[in-house]
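Please read them with the structure open beside you.

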Amino acid sequence: MILPIVAYGDPVLRKVAVEIDENYPDLEKLISNMRETMYNASGVGLAAPQIGKAIRLFLIDASPFAEDEDLSEKDRAVLKTFNKVFINAKIIEEEGDEWTFNEGCLSIPDVREDVVRKPKITIEYQDENFKKHTETLDGLAARVFQHEYDHIEGILFTDKLSSLKKRLIKKKLENISKGKINADYRMRFPNLKKGK
């Protein structure tokens, strides 16, 4: 089932999400619905807060990036199979010289900006069977993870922009929260005026 994606301005996107355990109701169905929603919106990641649930769960399928000719062969190989469910994820360590990459977000359609992040991270998480993993990610895989991880921490990529950039996109963000946007997937807008 395709779920509506929560738009910028909804308070759920600002909540620090809570951990879940294997007793979380209908988790398998939720993950399946989130995956369908993500693919329907042509996203490479989707976090539970983006569908209105403040829980520490997100999915990533970075395989579309594997087609990018500008990436190294090694990066493309990693991204091709980087398709996972992350539950109760934690970033243990971030390292390396920060780098800039243009990011966008399904909750903030039509806004893309350069965001600076660390290139290498060590993470801990549980998969959909609650098996624990520790991994090191770098390059684009690390970046996609950090973007989704920010969602479960109540952070959006626009928070990482300079104050000048924030001022320049302020009106656009207000319009998104009011539903004055054409997204080609279902969305839920926090400040949509009913009856218009």
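1. In this predicted model, the chain's secondary structure amounts to four helices and nine strands. Read from the N terminus, the elements follow the order β-α-β-β-α-β-β-β-β-β-α-α-β.

2. Five strands form an open sheet with antiparallel pairing, and their order across the sheet is 2-3-4-7-8. Strand 2 (45–47) and strand 8 (132–138) are the edge strands, and each has a single partner strand, so one side of each is left without a neighbour in the sheet. From one strand to the next, the twist averages 40 degrees.

3. At one end of that order, strand 7 (residues 120–126) pairs with strand 8 in the antiparallel sense, over seven bridges. Within this pairing, Glu124 has Thr134 of strand 8 as its bridge partner. Helix 1 (residues 27–40) packs on the sheet, where it touches strand 2, strand 3 (57–61) and strand 4 (83–95), and the direction of helix 1 makes about 45 degrees with that of strand 3.

4. On overall dimensions, a compact globule with 196 residues would have a radius of gyration near 16 Å, and the chain agrees with this because its own value is 16 Å. The C-alpha trace spans about 50 × 40 × 30 Å along its principal axes.

5. Of the contacts with a separation of 6 or more, 67% are between residues 24 or more positions apart. The chain exposes about 10400 Å², of which carbon and sulfur atoms supply 48%.

Terms used
Residues are numbered from 1 along each chain as its sequence is written. This is a predicted model: local features need pLDDT of at least 70, side-chain atom pairs count only at pLDDT 80 or more; totals for chains, interfaces and linings use all residues. Side-chain values use heavy atoms; hydrogens and water are left out. Two strands pair if DSSP finds at least two bridges between them. Helices (H or I, at least four residues) and strands (E, at least two) are DSSP runs, numbered from the N terminus. Axes are lines fitted to C-alpha atoms, for helices over the stretch in contact, and angles run from 0 to 180 degrees between N-to-C directions. Contact means heavy atoms within 4.5 Å. The radius of gyration is taken over C-alpha atoms; the globule rule is 2.2 Å times the number of residues to the power 0.38. Accessible areas come from the Shrake-Rupley method with a 1.4 Å probe; for residues, only the protein chains shown count as cover.
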